[in-house]
Amino acid sequence: MSEPISPAIRWERDDTGVVTLVLDAPDQSANTMNQAFRDSIEAVAARAEAERDSIRGIVVTSAKKTFFAGGDLKEMITYSPGDARRIFEGGMAVKRALRRIETLGKPVVAAINGAALGGGYEIALACHHRIALDAPGSRIGLPEVTLGLLPAGGGVTRTVRLLGIADALLKVLLQGTRYTPARALENGLVHEVAATPEEMLDRARAFIDAHPESRQPWDTKGYRIPGGTPSSPRLAAQLPAFPANLTKQLGGAPFPAPRAVLAAAVEGSQVDFETAQTIEARYFTGLVTGQTAKNMTQAFFFDLQAVNSGASRPEGVPPREVRRVAVLGAGMMGAGIAYACARAGLDVVLKDVSQEAADRGRAYAEKQLAKALARGRTTEADRDALLARITPTADPAALAGCDAVIEAVFEDTALKQRVFQEIQDIVAPDALLCSNTSTLPIGTLAEGLSRPADFIGLHFFSPADRMPLVEIIRGAETGDEATARAFDLVRALGKTPIVVNDARGFFTSRVIGQFLNEGVALLGEGIEPASVEQAAAQAGYPGKVLALLDELTLTLPRRIRDEAKRAEEEAGRVWTGHPAEWVIDRMVDEFGRTGRAAGAGFYEYDENGARVRLWPGLREHFCTDATDVPFRDMKERMLFAESLDAVRCLEESVLTSVADANIGSLLGIGFPAWTGGVLQYINGYEGGLPGYVARARELAELYGERFEPPALLVAKAEKGDTFTDA
Ligand code: NAI
């Protein structure tokens, strides 16, 4: 007997009295918590109560590939503070309906057939028993915090009661970890993992047979929250560390979600279940109607999806698989790239100038795999198979048959050109030719190649095997075919590709350069170095600005500047310069402090290269007590310097997509996550684009022309537009 009880959930009852609730939203590829679903859950609760006496138990599963996708983000992103009441009421209605099913007195089992993230896992949490199918790619968890939200379908209330406050926060709520079924089992998120759908459903029925009167632990007499409540001495001693750690982690940046999660968990643990749910709903309503959640949802959900699904991939080019990659240069980047390729199942020929250097590159993969093995993340057999795919060599002839080349030799134009000319006739005749240069124009590197249309920039970030982004740079002569193949290669590595056009510094290196310059300019204005670092942290940057420049070495911006200056002057234009330049020059020429590699930069380093402290000479040589730049201005100067330059990148067609800009800035160069990326920051700025333009003009007045808003931005602000991809 199968009837659609409501638009989104099927009620299927067998002749033994077991009801299977099949989550199956019509005309949608995934189940989301929209109005149809909210209505359906209420209808299901009512029917379950009405037929209670004839039901033996309930199995909840889904007809889609995923179990349940969670909140309807398209809907959520439109919420404004005026909707608060409606959102709160709607949320409470779903919670009450789930609660009615949970307290029916009959066993309820979640048969989690695919990904159960956010709302999906919350539905499963309301069940007495959770069985996850070990489906490929399936993930379980509550990632709301990564979208600036908190789980508001009972997720905070129930994980705290299931795992205890500390574990709920650390394992589930604060990081938003997405677990594989096996790891979800290890961490107590599910009770069982099944290998096949049949096994999953058999076990669900077995649970119902064995537990005719199931109830949740927290609805059982004498129940106590594992690990205690904040009033128990052990936890009371532990709890103050949480907000302190959060502050340290977030650096004072405006991330309301983790703080709200913490508050909802702690407050909710001290009251009864129903009140805890109300508390959770109240915090959620505050978050979902605020700007940060909109920024993060736009970027980490919609933009990321657009980018990964190929919005910037040239249309109509059929996919062609890369099987064998040549990685040229087995240094830091080459080694990481080779490992990433081998991990994705590609055969890799890793070439350096000597066999020893090439072997050292492969040793990087060995080291990473040893760690993975120790943590139980791989097996000996998989490790051996992966290592066998990497062939280190010094012999160019070994590159025969490679259908893609990724070059990562020293950052030197002549060397790179020579390396490509040497191998272009050895590799497959139509091999894709990629350079991992971080600064050199792609057009110049392609000079002298017989197939410039196959040549493209593939800019990885360090460490290449861990950083999720790759910036694809099209040279003037790069063809669509090469662009599409590069895109597919990056996706095959499990990474996110953005596509930009060739220009000095491309998009990412150019824009992060503005951040670094601004930090140095502040120092040059006489501001305390520690305050400069603090401002970056409070703006939400993951790293300190002066420390980052030390890592990259101070001679790098100087070399880039000298080249840019030469190019400007050759083109007959006047080099305007940047107020950071004289500071860098003094650091390099007068003090010989070029950064961490030299053991001395803005910071002092110990013999192991660990940062000891800011160099006291900075105060002596650059600080003037007379300077008074408000903290807000310091933070905004960094954020504006980058976002304004991103607009210029759009104007100059270096960027062709807003999503690429946002994702590139977030995943590649550490633009603060709460902003939703360089262009979303402008969209979400107080007062929208007009507010941002007014503030840019103010900063230009106070600190220099570089903050003058570009024409494209002014025009958009006047038209009432925002930055979006059509
Ligand atoms: P590295 O100095 O660690 O490695 C360069 C390697 O190239 C060395 O092992 C060297 O022996 C080898 N090499 C030199 N000439 C060669 C030749 N003719 N044939 C084969 N191998 C040769 O440098 P790193 O940091 O790995 O950088 C490599 C490239 O990646 C550079 O273009 C750099 O700009 C770019 N890049 C670097 C990033 C970083 O964070 N270090 C980030 C993104 C790109």
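**Notes on the predicted model**

1. Let's start at a single residue. Leaving aside residues up to four places away in sequence, alanine 166 touches Gly227 and Gln238. Alanine 166 sits in helix H6. Proline 226 is 60 residues from alanine 166 in sequence, and their C-alpha atoms are 9.2 Å apart in space. Keep in mind throughout that this is a predicted model.

2. Eight of its nine residues are buried, so H5 is largely enclosed by the rest of the structure. The buried set is Gly155, Val156, Thr157, Arg158, Thr159, Val160, Arg161 and Leu163. Note that two arginines, Arg158 and Arg161, are on that list.

3. What covers the buried residues of H5? The cover includes helix H4 (119-125), helix H6 (165-173), helix H11 (256-269) and helix H12 (273-288). H6 is the helix that holds alanine 166. After H5 comes glycine 164, which has a positive phi, near 95°.

4. H12 brings us to arginine 282, which is found in that helix. With 18 other C-beta atoms within 10 Å, arginine 282 is partly exposed. Glutamate 590 is 308 residues away from arginine 282 along the chain, and 58 Å separate their C-alpha atoms.

5. Now the domains. The assignment gives domain 1 (9-289), domain 2 (324-500) and domain 3 (507-626). Taken over C-alpha atoms, the centres of domain 1 and domain 3 are 47 Å apart.

6. UniProt, in an unreviewed entry, places "domain: 3-hydroxyacyl-CoA dehydrogenase NAD binding" at residues 325-502. In the model, residues 325-502 are 39% helix and 22% strand, and the end C-alpha atoms of the span lie 23 Å apart.

7. For "domain: 3-hydroxyacyl-CoA dehydrogenase C-terminal", UniProt (unreviewed entry again) lists residues 505-605. Here the make-up is 61% helix and 3% strand, with 29 Å between the end C-alpha atoms.

8. Which residues come nearest to the ligand? Of the 24 around it, they are Gly329, Gly331, Met333, Glu411 and Ser462. The elements giving two or more residues to this shell are helix H14 (332-343), helix H17 (413-423) and strand S17 (455-460). H14 supplies the largest share, three residues.

9. Finally, the whole chain. The protein has 30 helices and 21 strands. Its radius of gyration is 28 Å, close to the 27 Å that the globule rule gives for 726 residues, so the protein is as compact as a globular protein of that length. The C-alpha trace spans about 85 × 65 × 55 Å along its principal axes.

10. Over the 726 residues, 50% count as buried. Looking at contacts between residues at least 6 apart in sequence, 72% join residues at least 24 apart.

Notes:
Residues are numbered from 1 along each chain as its sequence is written. This is a predicted model: local features need pLDDT of at least 70, side-chain atom pairs count only at pLDDT 80 or more; totals for chains, interfaces and linings use all residues. Helices (H or I, at least four residues) and strands (E, at least two) are DSSP runs, numbered from the N terminus. The radius of gyration is taken over C-alpha atoms; the globule rule is 2.2 Å times the number of residues to the power 0.38. A residue is buried if 20 or more other C-beta atoms lie within 10 Å of its own, exposed if 12 or fewer, and partly exposed in between; C-beta atoms are placed from the backbone. Two residues are in contact if their C-beta atoms, placed from the backbone, lie within 7 Å. Domain bounds come from an automatic or database domain assignment. UniProt positions are given in the numbering used here, feature names are shortened, and annotations may be inferred rather than shown by experiment. A residue is near a molecule or strand if its C-beta atom, placed from the backbone, lies within 6 Å of it.
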